[in-house]
Amino acid sequence: PSAAEAGVYSPFDVATPPLLSLATWSHGWLGRILVFNFGGHILYIGPHWYCSILMLGFILGIGFFHVSSVARAPAPAQQIAGGVVVTLLSVLSFLRCALADPGVLQRPNEAELNSRRTCQICQLPQPRGCQHCHFCQVCIEGHDHHCPWMGKCIGRKNLCAFYTFLTVAFGSL
């Protein structure tokens, strides 16, 4: 029996098409993660989206402050250009991680159903390293942590983008 028939909550019981078949310019939900098909690009927006907006504002604010203070001083144009480039790289690496799929566990095929431990909430078989996030209400493959500043979990599919953002952000200091 499915999770709905058994009376158990499952984030996959929402009446939306499967993720890979989302029509262009449409959306669906995976637990509390909103999934947009934005012109063929799939964007994942987590439950803490407002923290992501605060973080983006913080990055842009610090970049603007740095560039404007360097522009007032008798500084070479390379310092101004460097500030703009570092701010843009920080924004791009942040958005790349904040809008990426964290590794949401999808419905497995029938052969995998009995071969793994099962999540007590999602009723899905979990591979090694998979963990259920109570904030996002989905299972995340390669779960590292839930990051409110990114708005969702950091998992197998966005971990590299997360470390790229940290490297660019801390490297700009």
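Colleague: What kind of model is it, and how are residues numbered?

Modeller: It's a predicted model, where local features need pLDDT of at least 70, side-chain atom pairs count only at pLDDT 80 or more, and totals for chains, interfaces and linings use all residues. Residues are numbered from 1 along each chain as its sequence is written, and side-chain values use heavy atoms, with hydrogens and water left out.

Colleague: Helices then. At what angle do α1 and α2 pack?

Modeller: About 175 degrees for α1 (residues 49-72) against α2 (residues 77-98), and the axes are 9 Å apart. Helices here are DSSP runs of H or I, at least four residues, and strands are E runs of at least two, numbered from the N terminus. The axes are lines fitted to C-alpha atoms, for helices over the stretch in contact, and angles run from 0 to 180 degrees between N-to-C directions.

Colleague: Roughly parallel or roughly antiparallel?

Modeller: Roughly antiparallel, α1 to α2. The cut-offs are under 35 degrees for roughly parallel, over 145 for roughly antiparallel, 65 to 115 for roughly perpendicular, and oblique for the rest.

Colleague: Which residues meet there?

Modeller: From α1 they include Met55, Ile59, Gly63 and Val67, and from α2 they include Gly83, Thr87, Ser90 and Phe94. Contact means heavy atoms within 4.5 Å. By type, the residues of this contact are twelve nonpolar, seven polar and no charged. Ala, Val, Leu, Ile, Met, Phe, Trp, Tyr, Cys and Pro count as nonpolar, Asp, Glu, Lys and Arg as charged, and the others, Gly among them, as polar.

Colleague: What about Ser90, buried or exposed?

Modeller: Serine 90 is buried, with a relative accessible area of 6%. Buried means under 20%, exposed over 50%, and partly exposed in between, using a 1.4 Å probe and protein chains only. Beyond its neighbours within four places in sequence, serine 90 is in contact with Ile59, Phe165, Val168, Ala169 and Ser172.

Colleague: And what does Ile59 touch?

Modeller: Not counting residues up to four places away in sequence, isoleucine 59 touches Thr87, Ser90, Val91, Phe94 and Phe165.

Colleague: How many residues are in the largest nonpolar core?

Modeller: Twelve, among them Met55, Ile59, Val91, Phe94 and Phe165. A core here is a set of buried Ala, Val, Leu, Ile, Met, Phe, Trp, Tyr and Cys residues joined through side-chain atoms within 4.5 Å. Two or more residues come from each of α1, α2 and α3 (159-171), and α2 gives the largest share, four residues. There's also a second, separate core of eleven residues, including Cys136, Val138, Ile140 and Cys153.

Colleague: New topic. Which non-glycine residues have a positive phi?

Modeller: Tryptophan 25 is one of them, with a phi of about 65 degrees. Tryptophan 25 lies in the segment before β1 and is exposed at 61% relative accessible area. Glutamine 137 is another, with a phi of about 60 degrees. Glutamine 137 is in the loop between β6 (131-133) and β7 (138-140), and counts as partly exposed at 27%.

Colleague: Where does Ser26 sit?

Modeller: Serine 26 is in strand β1 (residues 26-30). Leaving aside neighbours within four places in sequence, serine 26 is in contact with Val35, Phe36 and Asn37.

Colleague: Last one: where is Tyr44?

Modeller: Tyrosine 44 is in strand β3 (residues 41-45), and counts as buried at 8% relative accessibility.
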